[in-house]
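Hi everyone, thanks for making the time this morning. I'd like to walk you through one model, so please have a look at it with me.

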Amino acid sequence: MMQDRENQSILCTGESGAGKTENTKKVIQYLAHVAVSSKSHGATPTKSVQRRSTSSDLMSRTGLTMAQGELEQQLLQANPILEAFGNAKTVKNDNSSRFGKFIRINFDASGYICGASIDTYLLEKSRAVRQAKDERTFHFFYQLLAGTTEKERKDFLLDDVTAYRYLSNGNELIVGVNDSAEYAMTREAMDIMHFSVDEMNCE
């Protein structure tokens, strides 16, 4: 791209469970890391920033470092939000993307990331109301019911997962996944993406 000054494309494809979602995350992490490494080369050290307890988990999962700029952080943190609302457990895959996405990353003449956009399409909306045996609906439903505080549960009028007919066929636990911790990470990703409190609370 930098040598020939031409747009480049990467196509991640394959059958369910082949690793498209994880591979896409690694590609984005790599591009963000390379762009920031070039930007920060020779820069003076910046003052450390204190993070909340869940930040270290979120940074570790996405490959973030505190040296990375806000734009790169937002690019990486868009993915956990998309996964929460668009991925689900299927028979073959515990984190299957039930939609397609086209990610466009813009670089300036120096190779720095200067913008990005994500187009989503073909969302499997039927999964919200019907799941096969041993499958779940979108992750966020379970994150919300497992991770909210007592006050939030009261404010949002939430009940136990078994009370919802739409979730009754998909009340399956995912081995190695803590829905409550995932909820905290999703909320923090929304903070990084500058979601307002009203937007996060649907007010």
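How many helices and strands does the protein have? There are 7 helices and 4 strands, where helices (H or I, at least four residues) and strands (E, at least two) are DSSP runs numbered from the N terminus. Along the sequence the pattern reads α-α-α-β-β-β-β-α-α-α-α.

A quick word on the ground rules. This is a predicted model, so local features need pLDDT of at least 70 and side-chain atom pairs count only at pLDDT 80 or more, while totals for chains, interfaces and linings use all residues. Residues are numbered from 1 along each chain as its sequence is written, and side-chain values use heavy atoms, with hydrogens and water left out.

Of the 203 residues, 35% count as buried. By buried I mean under 20% relative accessible area, with exposed over 50% and partly exposed in between (1.4 Å probe, protein chains only).

Let's turn to the aromatic rings. A search of the whole structure finds 2 aromatic pairs. Rings of Phe, Tyr and Trp (its six-membered ring) pair if their centres lie within 6.5 Å; planes under 30 degrees apart count as stacked, over 60 as edge-to-face and the rest as tilted. Phenylalanine 85 and phenylalanine 140 are stacked, at 4.4 Å centre to centre with 25° between the planes. Phenylalanine 85 sits in helix H3 (residues 70-86) and phenylalanine 140 in helix H4 (residues 139-147), so this pair ties together parts that are 55 residues apart in sequence. Phenylalanine 85 is partly exposed at 40% relative accessibility, whereas phenylalanine 140 is buried at 15%.

Phenylalanine 140 also pairs with tyrosine 183: the ring centres are 6.0 Å apart and the planes lie at 40°, so that pair is tilted. Tyrosine 183 belongs to helix H6 (residues 179-192), so here the linked parts are 43 residues apart in sequence. Taken together, ring pairs link Phe85, Phe140 and Tyr183 into a cluster.

While we are on H6, is this helix mostly covered or mostly uncovered? Mostly covered, since 10 of its 14 residues are buried, among them Tyr183, Met185 and Ile192.

Now for the charges. The structure holds 9 salt bridges, each being a side-chain nitrogen of Lys or Arg within 4 Å of a carboxyl oxygen of Asp or Glu. Which residue does glutamate 83 pair with? Its partner is lysine 25, and the closest N and O atoms are 3.1 Å apart. Glutamate 83 is in helix H3 and lysine 25 in helix H1, 58 residues apart. Both ends are covered: glutamate 83 is buried at 11% relative accessibility, and lysine 25 is buried at 18%.

Arginine 104 and aspartate 119 form another salt bridge, at 4.0 Å from N to O. That one links strand S3 (residues 100-107) with strand S4, 15 residues apart. Arginine 104 is partly exposed at 37%, and aspartate 119 is partly exposed at 36%.

Lysine 133 and aspartate 134 pair as well, with the closest N and O atoms 3.6 Å apart. Lysine 133 is exposed at 66%, while aspartate 134 is partly exposed at 34%. Salt bridges that share partners also join Arg98, Glu124, Arg127 and Glu135 into one network.

That's my tour, and I'm happy to take questions.
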